[in-house]
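Please look over the sequence and the model first, and then follow the points below, which are grouped by topic.

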Amino acid sequence: MLSDHVIFCDGEAIILDKPAGLAVDPPRNGGLSLENYLASLTFGFQRWPVAVHRLDRDTSGCLLLARNPKAHKRFAAAFEARQVVKGYIAVIEGIPDEASGMIDLPLFKVSSAEEGWRMVVDERGKSARTAWEKLAEKDGRSMIRFFPETGRTHQIRAHALYGLGAPIVGDPVYGTGSPKAGSMLLHSHFLSLTREGKPPVEATAPLPERFTTAGFGPEYLTGGDV
């Protein structure tokens, strides 16, 4: 039940700990998506909640849903104005020389019949900025915390490759991961959105088991080398 994945809920908002492998938008091949489960997330309301932003299918973690149109409009405006704090955890196939930094690389969408579509660094693209810090390193891999300032498609995945020189473990587009759904080590760990006169919409999604299996469990989230 997707209702078991709700980590924040009030009259305006739901934050869902989205499982890896679940698409937010209906796939072209007709597979399951978030839409198939929205009826189970009404919690007494007649109206189905609506996703305010998107996570890639293979990215797990915090996904914000609005429970009414007015809330959706305000939340969407907050994302557009970069007023939402988002923190992601990833494991990459490499070890950066620095402990932290800012990746500032514009991203542009390209596509081909052979490789499909992806984002590349190109001055024709949209501005994209991602702050990062290294939390741990082990066996040639690193656990990285990312704080995206912008919200471009595939931003963290592309910035890991082009900005840090190492793809996210299990990434089938920018790395050598298999197409098997749910294997990429990228997780939306934290989301916070302030509201006037009300407590913030805020939640932390626990680190999934696939990170622990890869040797990077929640004990490393405080930082420091392994």
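**Briefing on the predicted model**

S60 is placed in strand β4, which covers residues 60-66.

**S60 and its surroundings**

- With a relative accessibility of 3%, S60 counts as buried, because the cut-off for that class is under 20% relative accessible area.
- The side chain of S60 is joined to the side chain of H187 by a polar contact of 2.7 Å.
- When neighbours within four places in sequence are left aside, the residues in contact with S60 are K18, P19, A20, L55, L186, H187, S188, P208 and R210.

**G175 in its loop**

- G175 belongs to the loop that runs between α2 (155-164) and β11 (186-195), and its relative accessible area of 23% makes G175 partly exposed.
- Although G175 and L161 are 14 residues apart along the chain, their C-alpha atoms are separated by 8.0 Å.

**Aromatic rings and the charges over them**

- One aromatic pair is found in the structure, and it is formed by F216 and Y220, whose ring centres are 6.3 Å apart and whose planes stand at 65 degrees, so the pair is classed as edge-to-face.
- Both partners of this pair count as buried, F216 at 1% relative accessibility and Y220 at 17%.
- R67 is positioned over the face of F45, where the distance from the ring centre is 3.7 Å.
- R118 is likewise positioned over the face of a ring, in this case that of Y174, at 5.5 Å from the ring centre.

**Salt bridges**

- The structure holds 14 salt bridges, and one of them is formed by the side chains of D25 and R54, with an N to O distance of 3.0 Å.
- This pair links distant parts of the chain, since D25 is in the loop between β2 (13-18) and β3 (50-51), while R54 is in the loop between β3 and β4, 29 residues apart.
- D25 is partly exposed, with a relative accessible area of 39%, and R54 is also partly exposed, with a value of 47%.
- A salt bridge is also formed by the side chains of R129 and D104, again with an N to O distance of 3.0 Å.
- Because R129 lies in strand β9 (residues 129-138) and D104 in strand β6 (residues 100-104), this pair ties together parts that are 25 residues apart in sequence.
- R129 is partly exposed, at a relative accessible area of 25%, and D104 counts as partly exposed as well, at 43% relative accessibility.
- The side chains of R157 and D171 meet in a further salt bridge, for which the N to O distance is 2.8 Å.

How values were computed:
Residues are numbered from 1 along each chain as its sequence is written. This is a predicted model: local features need pLDDT of at least 70, side-chain atom pairs count only at pLDDT 80 or more; totals for chains, interfaces and linings use all residues. Side-chain values use heavy atoms; hydrogens and water are left out. Helices (H or I, at least four residues) and strands (E, at least two) are DSSP runs, numbered from the N terminus. Buried means under 20% relative accessible area, exposed over 50%, partly exposed in between (1.4 Å probe, protein chains only). A polar contact is a pair of N or O atoms within 3.5 Å; within protein, one must be able to donate a hydrogen and the other to accept it, and residues adjacent in sequence count only if both atoms are side-chain atoms. Contact means heavy atoms within 4.5 Å. Rings of Phe, Tyr and Trp (its six-membered ring) pair if their centres lie within 6.5 Å; planes under 30 degrees apart count as stacked, over 60 as edge-to-face and the rest as tilted. A charge sits over a ring if NZ of Lys or CZ of Arg is within 6 Å of the ring centre and within 35 degrees of the ring normal. A salt bridge is a side-chain nitrogen of Lys or Arg within 4 Å of a carboxyl oxygen of Asp or Glu.
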